Each structure stands twice: as structure tokens, then as C-alpha cells.
Amino acid sequence: ASPASRRTLIALPPCLQPPGMATELQGICAELHSDRDNLSAIAEWCAAAYREPGRPRAETVEQTQAYLVDALSTVGQHVGAAGASLL
């Protein structure tokens, strides 16, 4: 995604932020950015492995599913943590 296509988050004024919220959210956002990179790497690996001559496609699909389950579970945890930090 290009920088122009990224959404800008509106920050709460400091007087409305619980102590440590900005730091916690920054950490969670960094983790989500890393999650996005990991999901992209999984997609690239899957595409390359699927085209690899002689590689069993069923094995590639199974491994990709396992990677995606783990990665998406992590994304869900990070989104949940972000939401909880806003309460």
C-alpha cells in the first residue's frame, strides 16, 4: 500500500488519554504493521511454492493454511489488545 492510501488515525488529545495509552497503541500498531508484512511474505511463499515444479500442491496448500491460521490469530490478538487499550 502506498503512503497516500493509508488511513491516518486521529489521536486523542493528551488530556483524554489514559496514562501509557499512546505508548501502548504505538507498540500495537508496530506489531500490526509487522503482521501485515508477515501475511505478505506468506502469500509470496505460497505463490512461489505452488508454482515450484515437483512440489506437492496439497502439501503447499496445507502449509499455507497453517501459516495463515497462526498469522491471522496473531492479528486478531493485536486488534483485540488495541481495542482493550481504548477502554
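Contact here means heavy atoms within 4.5 Å. In the protein, 64% of the contacts with a separation of 6 or more are between residues 24 or more positions apart.

This is a predicted model, in which local features need pLDDT of at least 70 and side-chain atom pairs count only at pLDDT 80 or more, while totals for chains, interfaces and linings use all residues. Residues are numbered from 1 along each chain as its sequence is written, and side-chain values use heavy atoms, with hydrogens and water left out.

The secondary structure comprises 2 helices and 0 strands, taken as DSSP runs (H or I, at least four residues, for helices; E, at least two, for strands) numbered from the N terminus. Helix H2, residues 57–86, has 30 residues and should span 44 Å at 1.5 Å a residue; its end C-alpha atoms are 43 Å apart, which agrees. The expected span is 1.5 Å times one less than the number of residues.

Of the 87 residues, 13% count as buried, that is, under 20% relative accessible area, with exposed over 50% and partly exposed in between (1.4 Å probe, protein chains only). In H2, the buried residues are Thr60, Thr64, Ala71, His78, Ala82 and Ser85.

Trp45 is partly exposed at 28% relative accessibility, and Tyr67 is partly exposed at 35%.
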